[in-house]
Amino acid sequence: MGLLKLERREPMAYETLIVEIEDHIALIKLNRPEALNALNIRLMGELVDALAAIEANDKARCTIITGNEKSFAAGADITELAEKSFVDVFYTDHFGPLTRQFQTCRKPIIAAVSGYALGGGCELAMMCDFIIASDTAKFGQPEINLGVNAALGGTQRLTRAVGKSKSMDMHLTGRFMMADEAERSGLVSRVVPAKKLMDEARAAAQKIAEKSRITTMAVKETVNQSQEMSLSDGLLFERRMFHMMFATADQTEGMAAFTEKRDPQFRDK
């Protein structure tokens with residue numbers, strides 16, 4: 001696809017989010033600073049709507065989700081949950097719609113995390129395809145202190161990311177994991193100075209946006225299947241996906257550009 005043409009910033013109006021699309025990159029900023037971006041029902045509903053709109057928008061090729069310097073998201077909004085009963089949360093399938101929306105997103109999503117990413121905030125970051133963290137980031141699953149367990153994938157995704165021992169440690173003690181440990185443990189892909197976080201995230205998103213959209217979707221699907229399949233099934237899925245890419249014009253263009261020593265001009269076909 002080569003270098004992308006700079007596009008006009010396209011804002012989208014929400015109460016708890018700031019959402020805009022610029023130069024093929026969608027930016028979702030959680031915007032409840034007075035509550036450390038805690039995930040209340042409205043924010044989660046708006047996030048579901050925003051992700052669905054971005055998925056349907058051909059101008060958006062990659063998404064960044066972020067908070068502010070103090071907090072990515074400090075967990076679920078306990079003031080909303082404290083008085084609810086089993087029947088309340090069961091009937092509304094609390095957290096279910098957000099989980100399902102992420103599972104349907106085929107475009108890559110980057111979490112840019114600074115400050116607190118705790119409970120539902122840590123889980124939200126892990127639902128993204130990879131995490132770029134600032135050196136001030138603090139991750140944790142302290143739900144045990146509230147008499148509950150994680151419910152947005154914390155027991156599952158954190159265990160897959162950092163292993164059983166560290167996951168058990170964090171879930172059972174409620175301790176925080178600082179950015180450097182998160183990088184060593186494989187929870188985050190890289191750690192950068194706080195002032196450079198969004199520059200790094202945008203640069204990564206721009207690189208992704210320049211690739212073939214067909215191929216980025218295929219790569220995302222194939223990597224995600226590694227979390228669901230046995231090794232032998234995953235290897236077969238990967239190989240078949242590779243074979244399928246030879247039915248695309250972008251594979252022909254990509255390999256031609258490589259042999260001709262030029263930048264590829266992908267057309268998403």
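This is a predicted model: local features need pLDDT of at least 70, side-chain atom pairs count only at pLDDT 80 or more; totals for chains, interfaces and linings use all residues.
A nonpolar core, as used here, is a set of buried Ala, Val, Leu, Ile, Met, Phe, Trp, Tyr and Cys residues joined through side-chain atoms within 4.5 Å; buried means under 20% relative accessible area, exposed over 50%, and partly exposed in between (1.4 Å probe, protein chains only). Residues are numbered from 1 along each chain as its sequence is written, and side-chain values use heavy atoms, with hydrogens and water left out.

- Take Phe 102: setting aside neighbours within four places in sequence, Phe 102 is in contact with Leu 47, Leu 51, Ile 65, Ile 109, Leu 124, Met 127 and Cys 128 (contact means heavy atoms within 4.5 Å).

**Aromatics**

- Searching the whole structure turns up four aromatic pairs; rings of Phe, Tyr and Trp (its six-membered ring) pair if their centres lie within 6.5 Å, and planes under 30 degrees apart count as stacked, over 60 as edge-to-face and the rest as tilted.
- Phe 86 and Phe 90 are a stacked pair, because their ring centres are 5.2 Å apart and their planes sit at 25°.
- These two are four residues apart in helix H3 (residues 86-92), so about one helical turn separates Phe 86 from Phe 90.
- Both Phe 86 and Phe 90 are exposed, and together with Tyr 91 they form one aromatic cluster.
- Tyr 116 and Phe 176 go edge-to-face, at 6.5 Å centre to centre and 70° between the planes.
- Since Tyr 116 lies in strand E7 (residues 116-118) and Phe 176 in strand E10 (residues 176-178), this pair ties together parts that are 60 residues apart in sequence.
- Tyr 116 is partly exposed at a relative accessible area of 28%, and Phe 176 is partly exposed at 31%.
- Tyr 116 has a charge over its face too: Lys 138, at 5.5 Å from the ring centre (the test is NZ of Lys or CZ of Arg within 6 Å of the ring centre and within 35 degrees of the ring normal).

**Cysteines**

- The whole structure has zero disulfides, a disulfide being a pair of cysteine sulfur atoms within 2.5 Å.
- For Cys 122, the closest cysteine sulfur is in Cys 128, 11 Å away and so too far for a bond; Cys 122 is buried, with a relative accessible area of 0%.
- Cys 128 is in no disulfide either, with the nearest cysteine sulfur, that of Cys 105, 9.2 Å away; Cys 128 counts as buried at 6% relative accessibility.

**Thr 248**

- Thr 248 lies in the loop between helix H11 (231-245) and helix H12 (249-259), and counts as buried at 13% relative accessibility.
- The Thr 248 side chain reaches back to the backbone oxygen of Met 245 at 2.7 Å, and a polar atom of that side chain lies 3.1 Å from the backbone nitrogen of Gln 251.
- Beyond its neighbours within four places in sequence, Thr 248 is in contact with Ile 214 and Lys 269.

Methods
A polar contact is a pair of N or O atoms within 3.5 Å; within protein, one must be able to donate a hydrogen and the other to accept it, and residues adjacent in sequence count only if both atoms are side-chain atoms.
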